[in-house]
Amino acid sequence: VEVSSYTLASASGPCGASVRVRLAARDPTGRASVGALTGQVKMCRFAWPVLTLSFSVVAVLHPDQPCGCASLHNARGRNLMFERGFDAARAHRAPDDLEERLATPPRRRDRDELTKPVLAELRRSIRAHRVAAPLLELQRALEHEGWVLVYEGRIYVKEGFGEHSKHPAHLFMVKEAVDLVGLPNALYAFGASTMGPHGCGELQNPLIFGINKQVGYEQCGALMPNTYFGGGNMSSWASESTRAAVDWVPFQNRSATAFYRGTLNKHSMPGWNDHKSCTEFAYGNYARIHAFAAARRAPDRVDAACTSDDCKHDVTCTVRCPVPPPSCVGLVEDFNSGLRVGEDVAGETVGLDTFRRHKYLLNLPGGKSGSYSKNINHLWRTEAVVLQWVAPFVEWYFPAMRDFENHVVVAQHSIETIVAALEQHPETAEAIGRAG
């Protein structure tokens, strides 16, 4: 199969002279070459690596079945968003065996124990996609606008790849990985959509590596690290962790409230009343408004508030972050959770040092679409207990997460009880924070 010539460029600058590259496709066992793709490319002056894929079979946490086409682009995915988002959050309560779970501090798993379920899910998701014959899969990947080729320590991308806001950080991340540990040659299709990959192999789409799956593991594609870890700069990420260690506050000296600061999405909220737009855009606001309501009800347990720049340049402004009219009308009855439309839920804007002074830190779904929030990347290194709000989205490391071991799942009707119980078991709470 011949691939037409490509003009390639890096995300950070021009590339060097044009060279001929031959890509050989092999079967998953690596025993035999089954074809090759050739084309004219430009060699970039950067050292970029790529994630290695393994097709070995191991025990997995999720059913080894075809991934189907679950995403917010179809009815199946939207139904999952309701079931695992709105409905699950509304129903969530503290477990009946809460005291038993907290009686003994959890054992901290080592690196191998944490890595095993992550790799198992990676391999399962590759099998679930039902990858095409190697040469056809290679061709599909090259036809995808987000393809990334790593060859002999250098990276090649299609011209315009770096124009997407998240793509340069992804390239920076893989460059850092090759510099730190070294990675082999490969080609893959990368997708940075907030909703995650969509489509299936049988629909002529390649296996796409994304940074999240919004409706859960059934979504097609495979997961790789989120570009918001240090903006892709792993050295910077390590430096931030070092700075956090310098400004350390002992767990027992921290505030005992569950802390959160974040914004509300104010774009087109009155129009989020049909099934499609409700699932695509509204869950982030739903979760955040419910957290603000919990703070109103139990201020001694929850300190959650909205940050907004609406009044930054207006001295006459008195309501900095008003509760908007409810979205998903006729679909979600408790959207505003008893808060009045126009009620001010604003709080002070604070720095990361304030987060490090709390025992419990809330992570809420992203305000844009109710998917992942980059806020969580900063929470893990605080050694506070990360309180993960009920949501269906998953990221690459989520298979290693266990409730009441390295985080705790909460929602409006459970957070007060759970925080109170954690306060009664300080050794367990501190152990959960360290494990995160």
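Which residues does Val332 touch, not counting residues up to four places away in sequence? In this predicted model, where contact means heavy atoms within 4.5 Å, Val332 touches Phe82, Phe86, Arg90, Cys278, Tyr286 and Ser327. Residues are numbered from 1 along each chain as its sequence is written, and side-chain values use heavy atoms, with hydrogens and water left out.

Val332 is placed in the loop between β9 (302-306) and α9 (352-355), the elements being DSSP runs numbered from the N terminus, with helices (H or I) of at least four residues and strands (E) of at least two. The residue is buried, with a relative accessible area of 4%, where buried denotes under 20% relative accessible area, exposed over 50%, and partly exposed the range in between (1.4 Å probe, protein chains only). Val332 and Phe86 are separated by 246 residues in sequence, yet their C-alpha atoms are 7.4 Å apart in space. Phe86 also belongs to one aromatic cluster with Phe82, Tyr283, Tyr286 and Phe335.

Across the whole structure, the search finds 15 aromatic pairs, a pair requiring that the ring centres of Phe, Tyr or Trp (its six-membered ring) lie within 6.5 Å, with planes under 30 degrees apart counted as stacked, over 60 as edge-to-face and the rest as tilted. One of these is the edge-to-face pair of Tyr188 and Phe209, with 5.8 Å centre to centre and 75 degrees between the planes. This pair links distant parts of the chain, since Tyr188 lies in strand β5 (residues 186-191) and Phe209 in strand β6 (residues 208-210), 21 residues apart; both Tyr188 and Phe209 are buried. Tyr397 and Phe398 likewise form an edge-to-face pair, at 5.1 Å centre to centre and 65 degrees between the planes, and both of these residues are buried.

For helix α3 (residues 111-128), the 18 residues should span 26 Å at 1.5 Å a residue, and the end C-alpha atoms are 26 Å apart, which agrees; the expected span is 1.5 Å times one less than the number of residues. The buried residues of α3, among them Pro117, Val118, Leu122 and Ile126, pack against β6 and β7 (222-223).

Conventions
This is a predicted model: local features need pLDDT of at least 70, side-chain atom pairs count only at pLDDT 80 or more; totals for chains, interfaces and linings use all residues.
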